[in-house]
Amino acid sequence: MESTRRRFATILATDCVGFSKHMSENEVGTLESLKACREIIDSFIEKHGGVIFHTAGDSVLAEFNSPIESVHCAVNFQNAIFDRNQLDDKLNLNWRVGIHCDDVIIEGDNVYGNGVNIAARLESQCHPGEVLISKLINEVITDRIEAISTAAGKKILKNISSDFEVFSISTKNSGLKKPVEKVEKPEVQQKRPVLSVLPFKNLNQNEDSSFLIDGIFEDITTELSMVRQLSIVSRQSSINFAESGASEEEFVKKFGVGYLITGNARSSGKKVRISVSLNQTSSGQILWSKKFDRALDDIFEVQDEIVRNVTQEILGEIELLSLQRAKRKPTENMSSYEFLLRGKELHHQFNKEANKEALKMFDSAISSDPDNAQARAWKACTLGQAMVRQFSDMSMEELFKECSSLIQQAIKIDPNDFECHRLLSAIYSVTGDMGLSLEHGKKAYDLVPNDPRILQQYGEALLKTGDTKLGCDLTILALEYDPIAQGQTNSDKRKSDVVFACFVDGRDELCLKTAQEVHTLDHKTALFAASAAYQMKKNIDDLEWLKTRIKKSTKSDFEPIINELKVKDLVIINTLRETLGSMILPII
C-alpha cells in the first residue's frame, strides 16, 4: 500500500470563469485561448517554485513551500493574462485564484486535505480576475509583497465554514466586476396537482394491436409531462400499479395522486376508437370524459384534445405554450409512426431478442420516413440498452460511436426533440464534457419537466457542475415520481442516485437514511454514504450495516470510483479520498 504522509503546505487553486459557456459558443477559440493561458499560468507556477498536482483543463491546483511565492505567482499570472486579454484578436478568458496554507495529506501523486479544500472553496468565491486568500496567508504576506491586501469580509465555505475571514489581493484585473448573469433556474414545486395516466385497456381481441394502444397511453403521458403546472406519476410507476393487483387507494396514497386518467381503445384497420375519463380521487367524481372515433391519421389531434381538456379541468384556463404539436409530431407518415411505436414497445421489454427486434423496427421507421427524428433517437436509446445490458456482439466502442451518430443526426432533423437532448446529456456525461451535458440536460428539462429520466440526468449534470441544491432536488423528485425505474426490479437505482446527490449537496443525514434503504449496496453508494458519515462525525462506529458492507471490500473497489468521478468540485474528490484513507482502509 502507498505510504501516506502529512505536511504543512500552501495550496493555490485557479480555474477559468465561464469555461463551459465559452466552449459552447466558440470551442476552437476557447481551446486556443485556454492553451495560451495555461502556458502563462504553468510557467509562473514553475518560476515561483510551485508544483502542479492536479489539472482538469480549465482548473489547476499547485503546491508551494512559500505563501509569499504563491501570492507573487498568482498576481504575476493574473497581470499577464490581463495584458493578453487586451489583444483585440484574442478571446478573453478570466481566471479566479484561491490560496490557503494548512495541513495536507500526501499519498502517491495525490494531495488532499483541508488545505486543498479551503483553497478550492476560496477560488469558487472569487470575482473574475481576483486573488482571494485566507487570513493565515494574509498574516504571512503583510508588508512583504508589493500588491495591496484588502479585507474582503467573511465568506460561507460550503461543508467547511459559515464564517471564514478572507482577503483580496490587488491585480490589474481588480477593477473587473463579477458579471450579473440572469440564470433561469427551474423551480421545483412540491405542491402541484399530482396526476397519473393509467395504461389504457386494449379492447381488441387481437393482441397484435397492443403496440398502438400502449403508444397512445405513452404519448399522452409524455404530453402531460410537458405541463409545468402538473406533477405526473411516471409511466413505469403507473404500469407497475396496473400490473401489481394493488388497490387504487394504496396507489393514490403512495404517490399523493389527486387525479387519475383511465381509458380504453380499440383499433380496426386505419380507424381507432378511444374512450377516456378524468377522475378526481378525493371525491370519486368523473370530471371529464369523451369518446373518440377517428382515423389513425388524426391520433395526434386526439391526444392534444385530451391533454387540453384534462389540464383545463384541473388547472382552469391556462396558456399551454408547450403544446405545439407541429414541432413535436414525429412524422406525417403513419407507417413510420407505427414502426416507431412497435419499436418502443419492444424496447420496453428489456431482453436481448426484443432489443434486436426493436432495432429492426426503428430501421423500418427511418426507412419509411428518413426525417423521423424520434425513430433515430429511440434507436440510439435501444443501442444504449444493448450496451449496458450486453445484448450486442458489437464492441462498446462501436455501439457508442453509432449511438452518438444517430443522436447527432436526430438533433439536426429536430432540434426540439427532448429525447435527443436527454440522450446527448447522457453521452456527454460519459465522455466527461459536463458543460455540454448540462446544456442538453437543461434543454430536455425545459421541454419535459416531469420525466424522471430527465430529472435524474439533468440533476446529475447539475450536481457535477456545481448547482448541487437544484441537482439534488431534481434527483429526489425522480425517486418520488418513479421509485422503480424502467428496467429495474426495485428502487436501488433511484435511491443510489439520491445517496450521491445528498452527499454532494451536504444533506448527510438524508444520504445515510437513503443508503440504509438500498437493498444491495454497491461500492459506489457505500463510499458516498461513508463520506457523508465522515463529514458528520468522522466515523461509522454505529453504522453496522455500512461497516459490514465495507469489510467485504478492498481498496481497489473504491479507488477507481474516485479517479473516474467527473465532478468539478475538488472538495468532493478530496472528501472521498480522506474517507477512504482515514475511515475505510483501517477496517478493510
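1. Charge over a ring. In this predicted model, the charged end of lysine 538 is placed over the ring of tyrosine 534, at 4.1 Å from the ring centre.

2. Aromatic pairs. The structure contains six aromatic pairs. One of them joins phenylalanine 241 and phenylalanine 251: the ring centres are 4.3 Å apart and the planes meet at 15°, so the pair is classed as stacked. Phenylalanine 241 belongs to helix H7 and phenylalanine 251 to helix H8 (residues 248-255), so that the pair links distant parts of the chain, ten residues apart. Phenylalanine 241 has a relative accessible area of 13% and is therefore buried; phenylalanine 251, at 4%, is buried as well.

3. A second ring pair. Phenylalanine 300 and tyrosine 337 have ring centres 4.9 Å apart, with planes at 70°, and the pair is therefore edge-to-face. Because phenylalanine 300 lies in helix H9 (residues 299-315) and tyrosine 337 in helix H11, this contact ties together parts that are 37 residues apart in sequence. Both phenylalanine 300 and tyrosine 337 are buried.

4. Ring cluster. Phe241 and Phe251 also belong to a cluster: ring pairs link these two residues with Phe255.

5. Cysteines. What is the number of disulfides in the structure? The count is zero. For cysteine 420, the closest cysteine sulfur is that of cysteine 403, and the separation of 11 Å is too far for a bond. Cysteine 420 is buried, its relative accessible area being 0%. For cysteine 511, the closest cysteine sulfur belongs to cysteine 502; at 6.1 Å, this too is too far for a bond, since a disulfide requires sulfur atoms within 2.5 Å. Cysteine 511 likewise counts as buried, with 0% relative accessibility.

6. Cavities. A search of the whole structure returns two cavities of 30 Å³ or more.

7. Lining of the largest cavity. Which helices each supply at least two residues of this lining? They are helix H6 (210-225), helix H7 (235-244), helix H10 (325-328), helix H11 (334-347), helix H13 (373-389), helix H15 (418-431) and helix H17 (452-465). H6 provides the largest share, with six residues. By class, the lining of the largest cavity holds eleven nonpolar, ten polar and 13 charged residues.

8. The second largest cavity. About 50 Å³ of space lies in this cavity. Its lining is formed by Glu107, Asn110, Tyr112, Glu559, Ile562, Arg577, Leu580 and Gly581. Strand S5 (110-112), helix H23 (555-564) and helix H24 (570-584) each contribute at least two residues to the lining of the second largest cavity, and H24 gives the most, with three. The residues lining the second largest cavity divide into three nonpolar, two polar and three charged.

Notes:
Residues are numbered from 1 along each chain as its sequence is written. This is a predicted model: local features need pLDDT of at least 70, side-chain atom pairs count only at pLDDT 80 or more; totals for chains, interfaces and linings use all residues. Side-chain values use heavy atoms; hydrogens and water are left out. On a 1 Å grid over the protein atoms alone, a cavity is a set of points where a 1.4 Å probe fits but cannot get out, and a pocket is an open set with protein on both sides within 12 Å along at least five of seven lines; lining residues have an atom within 4 Å of a point. Grid points are joined across faces, edges and corners, and a volume is the space filled by probe spheres set on the points. Helices (H or I, at least four residues) and strands (E, at least two) are DSSP runs, numbered from the N terminus. Ala, Val, Leu, Ile, Met, Phe, Trp, Tyr, Cys and Pro count as nonpolar, Asp, Glu, Lys and Arg as charged, and the others, Gly among them, as polar. Buried means under 20% relative accessible area, exposed over 50%, partly exposed in between (1.4 Å probe, protein chains only). Rings of Phe, Tyr and Trp (its six-membered ring) pair if their centres lie within 6.5 Å; planes under 30 degrees apart count as stacked, over 60 as edge-to-face and the rest as tilted. A charge sits over a ring if NZ of Lys or CZ of Arg is within 6 Å of the ring centre and within 35 degrees of the ring normal.
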